[in-house]
Amino acid sequence: NSTASHFFLFFFNGSPYAAGEYVNGKPVGYTIGELGKHLQSADVDHRTITFSETDPVLLKNMFLLLHKKPLVKAPTDFVDLDDVVRQFGEKKVNAMISLCRNNACNFFFFKDGKAALAHYADRDFERPEGLTLEEEMHSYAYQPGSKVEACVFREMVTAEANDARQYDQEMLLTLLAGGKAIQAEDE
């Protein structure tokens, strides 16, 4: 659904860290309070809340996509990914390339200039066997007949939302419920 909206509340070391939304193929970063306002005004009959523990690199990649402006954002037809990867290697930087197709974003993380990890959200793409991560990224980016957008991030530093430390468990539950007070069940 192209009008689907997904809200995110990021936790780091057990505490709220930041928030955002991915709507109509566009990432938007929020403070925790801004997320609450959007959830409160969301016109939905029901809401599904999913808690997921994830790889820290994937968390960082998602956070970057929602909160940082990419160094480069363009269709892969206009991006020389080989040159971008070469520059990562020369400078030995930590960086991320997000490749998005049909509102699914795949992340390719580079550690010290070398392709280190890939996270795929595009379930329609069959990962080719026997390729390096760089070759795999190239295979995805330049698929015949597909429009793929690349976002290149070289600045990997992130910071928690300025209001992240203001929310206790009860306040977070109320926020996630769209402003309706609910009680956590003790286990």
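Which hand does the link of cysteine 100 and cysteine 105 have about the S-S bond? I will come to that in a moment, after a word on what we are looking at. This is a predicted model, in which local features need pLDDT of at least 70 and side-chain atom pairs count only at pLDDT 80 or more, while totals for chains, interfaces and linings use all residues. Residues are numbered from 1 along each chain as its sequence is written, and side-chain values use heavy atoms, with hydrogens and water left out.

To answer the opening question, the link of cysteine 100 and cysteine 105 is right-handed, with 105° about the S-S bond. The two sulfur atoms of cysteine 100 and cysteine 105 lie 2.2 Å apart, where a disulfide is taken as a pair of cysteine sulfur atoms within 2.5 Å. Cysteine 100 and cysteine 105 are both buried, and here buried means under 20% relative accessible area, exposed means over 50%, and partly exposed is in between, with a 1.4 Å probe and protein chains only. Cysteine 151, by contrast, is in no disulfide, and the nearest cysteine sulfur, that of cysteine 100, is 5.6 Å away. Cysteine 151 counts as buried because its relative accessibility is 4%. A search of the whole structure finds 1 disulfide.

Let me step back to the chain as a whole. The chain has 5 helices and 8 strands; helices (H or I, at least four residues) and strands (E, at least two) are DSSP runs, numbered from the N terminus. Along the sequence, these elements follow the pattern β-β-β-α-α-β-α-β-β-β-α-β-α. Of the 187 residues of the chain, 39% count as buried. Among contacts between residues at least 6 apart in sequence, 58% join residues at least 24 apart, a contact being heavy atoms within 4.5 Å. The accessible surface of the chain comes to about 11800 Å², and 48% of that belongs to carbon and sulfur atoms; accessible areas come from the Shrake-Rupley method with a 1.4 Å probe, and for residues only the protein chains shown count as cover.

Next, helix α4. Which residues of helix α4 (residues 133–141) are buried? They are Glu136, Met137, Tyr140 and Ala141. Seen down the axis of α4, these buried residues fall within an arc of 130°, so they line one face of the helix, the arc being that of the directions from the helix axis to the C-beta atoms. The cover over the buried residues of α4 includes α3, β5 and β6.

A search of the whole structure finds 5 salt bridges, a salt bridge being a side-chain nitrogen of Lys or Arg within 4 Å of a carboxyl oxygen of Asp or Glu. In one of them, aspartate 83 pairs with arginine 86, with the closest N and O atoms 2.2 Å apart, and both of these residues lie in helix α3, 3 residues apart, about one turn of the helix. Arginine 86 also meets glutamate 90 in a salt bridge, at 2.6 Å from N to O; because arginine 86 and glutamate 90 are 4 residues apart in helix α3, about one helical turn separates them. Aspartate 83 is partly exposed at a relative accessible area of 26%, arginine 86 is partly exposed at 42%, and glutamate 90 is exposed at 54%. Another salt bridge is that of glutamate 160 and arginine 165, at 2.7 Å from N to O. Salt bridges that share partners join Asp83, Arg86 and Glu90 into one network.

Two backbone points are worth checking on the screen. Lysine 92, in the loop between α3 (81–91) and β5 (95–101), has a phi near 50°, a positive value in a residue other than glycine, and lysine 92 counts as exposed because its relative accessibility is 58%. Asparagine 103, in the loop between β5 and β6 (104–111), has a phi near 65°, again positive in a residue other than glycine, and at 40% relative accessibility asparagine 103 counts as partly exposed.

Finally, the surface. Phe11, Ile49 and Phe51 form a nonpolar patch with about 310 Å² of accessible area together. Patches are made of residues with over 30% relative accessible area and no salt bridge, where like charges are joined within 9 Å and nonpolar side chains (Val, Leu, Ile, Met, Phe, Trp, Tyr) within 5 Å. Phenylalanine 11 belongs to strand β1 (residues 5–12) and is partly exposed, with a relative accessible area of 32%.
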